[in-house]
Amino acid sequence: MAQWMHQFEQWLRHIEQWVRQQPAEQLYIAIAVLVIASTLLILLHNFNHSKANTIIIAGLSGSGKTVLFYQLRDGSSHQGTVTSMEPNDGVFVLHSEVEKDKTKPVRVVDVPGHSRLIPKLDEFLPQAAGLIFVVDALDFLPNCRTAAEYLYDILTKGTIVKKKIPVLILCNKNDKVTAHSKEFIRKQLEKEIDKLRTSRTAISAADVTNEYTLGLPGQAFSFSHCQNKITVAEASGLTGEISQAEQFIREHVKP
């Protein structure tokens with residue numbers, strides 16, 4: 001210990017001698033750079049730890065994510081739009097709140113549902129205050145397995161679990177007579193996820209695709225078992241009936 005203290009004292013003396021040898025101008029510049037760098041680090045730290053204000057819209061292609069994005073922003077379906085190949089990323093006051101005072105803008109990101117573009121979701125999760133997973137209630141059964149796989153991957157992501165990011169499963173196109181109910185969709189997704197967690201748990205531990213496991217040992221999977229809050233609601237992007245989506249957003253991004 002004494003030897004270490006002696007070396008430390010020598011190191012301090014060397015620094016003191018070096019400082020005395022430097023021109024005053026260079027010392028002032030060095031101090032200024034240090035202050036600026038420290039300030040930037042503090043601002044960056046605060047930015048990264050500021051309250052999340054982003055709502056992510058995810059789901060399979062054709063489920064109506066982009067229609068929902070435009071309804072939230074403009075109050076229009078944009079005639080049904082087309083499948084997005086790039087994220088729709090905007091900061092705006094919800095259209096239903098434009099006439100109100102002191103409303104807080106929300107950042108909404110519509111992530112493309114194409115399988116090659118789904119990984120883009122990870123770019124936005126650190127800022128997420130909530131995630132809306134859009135399901136096509138009209139053509140649900142043919143896509144049930146694929147939707148469950150996507151949802152399973154979302155619910156087992158480290159960021160989702162650690163931050164307990166709330167998820168709204170939004171059953172879209174419920175204005176159609178043949179659309180499935182939210183209760184039916186919930187039960188079917190739970191059944192498929194239960195099958196998935198069994199099959200994926202059996203895979204070698206070398207497969208680290210999913211960061212967390214779902215459900216309780218010995219029990220059939222239920223969304224109520226998740227550490228983050230999962231709710232199921234209905235909507236119709238084309239007719240503009242998206243009140244439950246707006247309620248979810250305002251619950252997690254306060255005005």
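Let's start with the largest cavity. Its lining is made of Gly 64, Leu 68, Val 134, Leu 170, Asn 172, Ala 235, Gly 237 and Ile 242. A cavity here is a set of points, on a 1 Å grid over the protein atoms alone, where a 1.4 Å probe fits but cannot get out; lining residues have an atom within 4 Å of a point. The space inside is about 30 Å³. That volume is what probe spheres set on the points fill, with grid points joined across faces, edges and corners. Searching the whole structure gives 1 cavity of 30 Å³ or more.

What is the lining made of: nonpolar, polar or charged residues? It has 5 nonpolar, 3 polar and no charged residues. Ala, Val, Leu, Ile, Met, Phe, Trp, Tyr, Cys and Pro count as nonpolar, Asp, Glu, Lys and Arg as charged, and the others, Gly among them, as polar.

A word on the source. This is a predicted model: local features need pLDDT of at least 70, side-chain atom pairs count only at pLDDT 80 or more, and totals for chains, interfaces and linings use all residues. Residues are numbered from 1 along each chain as its sequence is written, and side-chain values use heavy atoms, leaving out hydrogens and water.

Next, helix 3, residues 65–74. Helices (H or I, at least four residues) and strands (E, at least two) are DSSP runs, numbered from the N terminus. Buried means under 20% relative accessible area, exposed over 50%, partly exposed in between, with a 1.4 Å probe and protein chains only. The buried ones are Lys 65, Thr 66, Val 67, Leu 68, Phe 69, Tyr 70, Gln 71 and Leu 72. What covers them? The cover includes strands 1, 2, 3, 4 and 5, and helix 8. Just after helix 3, Gly 75 has a positive phi of about 75°.

Now helix 8, residues 243–252. Its buried residues are Ala 245, Glu 246, Phe 248, Ile 249, Arg 250 and His 252. Their cover includes helix 3 and strands 1, 3, 4 and 5.

On to the rings. There are 5 aromatic pairs in the structure. One of them is Phe 69 with Tyr 70, edge-to-face, at 5.5 Å centre to centre and 80° between the planes. Rings of Phe, Tyr and Trp (its six-membered ring) pair if their centres lie within 6.5 Å; planes under 30 degrees apart are stacked, over 60 edge-to-face, the rest tilted. Phe 69 is buried at 2%, and Tyr 70 is buried at 17%. Another pair is Phe 140 and Phe 184: centres 6.3 Å apart, planes at 80°, so edge-to-face. Phe 140 sits in helix 5 and Phe 184 in helix 7, so this pair ties together parts 44 residues apart in sequence. Phe 140 is buried at 2%, whereas Phe 184 is partly exposed at 28%.

Last stop, Tyr 212. Where is Tyr 212? In the loop between helix 7 and strand 6. Tyr 212 is partly exposed, at 30%. Leaving aside residues up to four places away in sequence, Tyr 212 touches Thr 156, Lys 157, Gly 158, Val 161 and Lys 162. Contact means heavy atoms within 4.5 Å.

Conventions. 1 Å grid on protein atoms, 1.4 Å probe; cavity = no way out; pocket = protein on both sides within 12 Å on 5 of 7 lines; lining within 4 Å.
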